[in-house]
Every structure is written in C-alpha cells, then in structure tokens.
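Please look over the sequence and the model before reading on.

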Amino acid sequence: MRSNYLFTSESVSEGHPDKVSDQISDAIVDLFLSKDPEARIACETLTTTQLVVLAGEIRCKGVFENGEWAPGAQEEIEATVRNVVRRIGYEQDGFHWQTLRFENNLHAQSAHIAQGVDAGENKDEGAGDQGIMFGFACDETPDLMPATLDYSHKILQTMADDRHSGAAPFLEPDAKSQVTLRFEDGKPALATAIVVSTQHKQGYDSGAKEGELHDYVRSVVARVLPASLLSNETVYHINPTGSFVIGGPDGDAGLTGRKIIVDTYGGASPHGGGAFSGKDPTKVDRSAAYITRYLAKNIVAAGLAKRCTIQLAYAIGVSEPLSLYVDTHGTGTVDDAEIEAAIGRIGALGKLTPRGIRTHLGLNKPIYERTAAYGHFGRKSDGDYFPWEKTDLVDALKAELAA
C-alpha cells in the first residue's frame with residue numbers, strides 16, 4: 001500500500017435530487033414494513049420539476065394483496081411522499097411538497113421471484129437476487145470510516161441542521177461537498193482542497209451576501225474537520241460555478257440508487273454495484289452490505305486490523321452465501337483466512353443467510369428513511385436504527401481467534 005498520497009471523497013445533501021428520490025423510496029419501504037414486517041418492496045422514485053413518480057413491485061399484507069389496494073392505501077402513500085419533500089424543505093415554484101404532481105405505478109411482485117425467495121416446507125428463504133456485496137472499515141476516524149467521506153458527510157449534515165434550525169436562513173436544500181486529504185505514512189495529514197456547492201436564496205451570489213455565505217461555509221468546515229488538518233495551504237472552492245438558486249429536482253432530475261459511492265465508502269472500498277434505498281431487507285444488495293460493514297467494523301474495533309474489506313456473494317433463491325472473503329490489506333494481527341474461519345464459527349450470524357442476517361441485525365423494521373441521506377455507514381447506532389454500526393461482536397471475534 002502507498003503511504004503518501006492524495007485521496008478525495010464527495011457527499012450530497014438530503015436536498016440533492018437523487019437523495020430526494022432515495023428518501024422517498026425508503027419512506028415507502030418504512031411505510032410497508034410498519035404494516036407488514038414480511039413485506040416485499042422494490043420501489044424506485046423519479047423526481048423532476050414538480051413531479052414525483054413511483055415504480056416497482058410490492059407485496060404487503062393488508063395494503064396490497066392479489067393486485068388490489070386496501071382502502072386509503074394509495075392516499076397514505078401519497079401523503080408519505082409529500083411529507084418527505086416537506087421535511088427536506090422544498091417549498092419552491094419548481095418543486096413544492098403541496099403542489100407537485102404525483103404518480104403511483106407500484107404493482108405486484110413477480111410470482112417467479114417470490115417462489116425463489118420465499119421459504120417453503122423443505123427450503124429456507126433464499127436471497128432476493130444474485131450479486132456481490134462489500135463492507136469496509138478503517139481506523140482513520142472514530143466512526144471507523146474513511147476520513148474524506150466522513151468529513152464530506154458531516155459538512156453537509158451540519159449545514160442542513162443549521163438550515164432547519166434557522167441559523168443559516170440563506171441556505172436551500174440542495175448541496176454537494178468534496179474533501180481532498182493528503183495522507184502521510186497512511187494517515188490523514190492535511191486537507192488540501194474543500195469543495196462546497198450549496199443552493200442559496202436570491203442575492204447570495206455577489207457582494208457582501210456572497211461573502212457572508214463563503215464565510216459561513218468556511219466556519220462549518222472549521223467545526224467539522226480537526227484543526228490539525230486545516231492550514232493556509234487548504235484551498236476552498238465555494239459555489240465555483242457562481243449562482244446556485246435553481247436546484248433540487250427542478251434543476252436536475254433525480255433517481256433512486258444513483259449515489260451508491262456516497263452511500264458507502266466514498267471510493268475507498270470496492271462496491272458490488274447494487275443500491276440500497278427502496279429495497280426491503282430480503283434483498284441482499286441491502287442486508288448483506290449491512291452485515292459486511294458490521295463484520296468489518298467489529299474486526300477493526302477489536303484491534304484485529306487497521307483496515308478491513310469483506311465480500312459476500314449470493315445467488316437468487318439460494319440461502320447461504322457462495323463465498324466469504326476477508327482482506328485486511330496487510331494490517332491484520334492474524335491471518336485473513338483465520339478471520340474468515342472465525343466468522344463462520346459465530347453461530348449468532350446464522351450462516352450469513354438472508355434470514356440469519358435480518359434476525360441478527362433486526363432489519364424487518366421501519367428504520368430506513370434515516371439511512372437515505374448522509375451515508376448508510378459511520379452513523380451512530382440508536383435503538384433500532386443503524387444496528388450494523390454496533391461493535392457487539394468484538395468479544396466473540398477475539399474469543400474465536402484466541403481459541
């Protein structure tokens with residue numbers, strides 16, 4: 001591994017059009033799981049100027065059965081969509097939670113998919129699709145996340161908190177950030193470049209008001225990044241294109257699942273290609289990505305490695321994974337093959353089957369809308385939320401590797 005290099009990660013805010021779509025899709029997942037913990041959902045969302053369109057497949061007891069909607073169900077779906085847009089803060093002529101047009105094109109799940117995924121008399125529940133999933137952790141931050149991504153997320157989260165509280169009334173919902181760090185001896189040493197593009201109210205693109213906006217962004221960066229990473233060498237690019245008044249779905253169409261690197265590790269880890277939002281936890285694109293993060297984080301938290309990448313692979317309709325791969329990038333205190341074997345011996349993980357993963361992490365709950373902005377990983381585990389961020393496997397891993 002190189003010891004000295006530059007590395008960059010980006011994030012996007014809750015008001016970015018793709019993130020609006022992700023949050024709507026996950027709000028629909030939460031709605032259906034609140035009605036039926038065994039619901040099957042694959043919900044895609046398109047957002048554009050004054051329009052939200054849902055498409056996908058569902059099965060949900062008491063809501064959508066035998067191709068029929070329960071009374072009031074479609075109205076509840078529409079209310080859920082409008083509430084997400086309202087929470088984010090869109091009350092603009094080009095995208096307003098009250099006046100946008102809404103289309104619901106959700107329909108019944110394919111019977112051919114259901115027969116492979118559902119458990120039967122002599123068959124455990126199978127994976128909802130084939131695919132490869134990666135999890136990652138490293139010791140660059142207390143969250144055990146890549147520092148470039150962790151800081152990119154927190155810059156935008158801080159700005160959103162200030163916008164919602166009224167501390168930064170000149171901000172609008174759409175924003176992007178990017179952090180470049182110089183690494184020396186493999187550790188973050190200096191932020192060489194900070195990029196923040198934020199939607200703003202009229203008038204904040206010139207003169208004193210532009211200066212106020214720029215000073216505010218710099219103050220947020222100073223609140224988020226350790227002072228040791230900032231210096232006179234740090235270059236700031238704040239709204240480098242100039243005006244950013246038209247934004248969100250009015251400025252650019254949004255789709256579910258287009259920010260998979262923002263959602264995961266900012267490019268510091270491989271990605272299997274599957275998005276998370278809009279999918280119930282039988283879809284291993286989601287649940288297996290969560291368990292691999294959980295395992296990688298616990299391995300690093302246990303002091304078994306400074307960096308860890310884990311891959312799982314599945315076949316649709318097959319319950320057990322086809323492969324498990326652990327790579328500690330030369331930082332492990334024990335052989336990677338020993339860690340793989342130790343994971344296989346921890347019975348609580350349920351052989352890493354879809355049902356075992358959901359049971360261990362408690363994923364059949366309406367916990368997903370909160371994941372759909374500012375990253376699925378590196379977040380604080382809070383009650384039922386973000387259970388894959390717990391480090392409660394540390395003792396079990398140490399015990400298995402000490403045996």
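This is a predicted model: local features need pLDDT of at least 70, side-chain atom pairs count only at pLDDT 80 or more; totals for chains, interfaces and linings use all residues.

Residues are numbered from 1 along each chain as its sequence is written, and side-chain values use heavy atoms, with hydrogens and water left out.

**Cavities**

- Rolling a probe the size of a water molecule over the atoms shows where empty space is left.
- A search of the whole structure finds 2 cavities of 30 Å³ or more. A cavity is a set of points, on a 1 Å grid over the protein atoms alone, where a 1.4 Å probe fits but cannot get out.
- The largest cavity holds about 90 Å³ of space. A volume is the space filled by probe spheres set on the points, and grid points are joined across faces, edges and corners.
- The largest cavity is lined by 13 residues, and the closest to its centre are F134, H271, G272, F276 and A289. Lining residues have an atom within 4 Å of a point.
- Two or more lining residues of the largest cavity come from each of β9 (131-138) and α8 (284-301). Helices (H or I, at least four residues) and strands (E, at least two) are DSSP runs, numbered from the N terminus.
- β9 gives the most to this lining, with 3 residues.
- The lining of the largest cavity has 7 nonpolar, 5 polar and 1 charged residues. Ala, Val, Leu, Ile, Met, Phe, Trp, Tyr, Cys and Pro count as nonpolar, Asp, Glu, Lys and Arg as charged, and the others, Gly among them, as polar.
- The second largest cavity holds about 70 Å³. Among the residues that line it are S13, E14, R163, T198 and Y374.
- α4 (147-165) and β10 (171-184) each give two or more residues to the lining of the second largest cavity. That lining has 7 nonpolar, 2 polar and 3 charged residues.

**Helices α1 and α2**

- Two packed helices are described by the angle between their axes and the distance between the axes.
- Helix α1 (residues 17-35) packs on helix α2 (residues 73-88) at about 135°, with axes 9 Å apart. Axes are lines fitted to C-alpha atoms, for helices over the stretch in contact, and angles run from 0 to 180 degrees between N-to-C directions.
- α1 and α2 are therefore oblique to each other. Angles under 35 degrees count as roughly parallel, over 145 as roughly antiparallel, 65 to 115 as roughly perpendicular and the rest as oblique.
- α1 passes α2 in a right-handed crossing. A crossing is left-handed if the near helix is turned anticlockwise from the far one by less than a right angle, and right-handed if clockwise.
- Residues of α1 including V20, I24 and L31 meet residues of α2 including I77, V81 and V84. Contact means heavy atoms within 4.5 Å.
- By class, this contact has 11 nonpolar, 2 polar and 3 charged residues.

**Helices α4 and α5**

- The axes of α4 and helix α5 (residues 207-224) come within 9 Å and cross at roughly 125°.
- α4 and α5 are therefore oblique, and their crossing is right-handed.

**Helices α8 and α10**

- α8 and helix α10 (residues 354-361) pack at about 60°, with axes 10 Å apart.
- This pair is therefore oblique too, and the crossing of α8 and α10 is left-handed.

Terms used. On a 1 Å grid over the protein atoms alone, a cavity is a set of points where a 1.4 Å probe fits but cannot get out, and a pocket is an open set with protein on both sides within 12 Å along at least five of seven lines; lining residues have an atom within 4 Å of a point.
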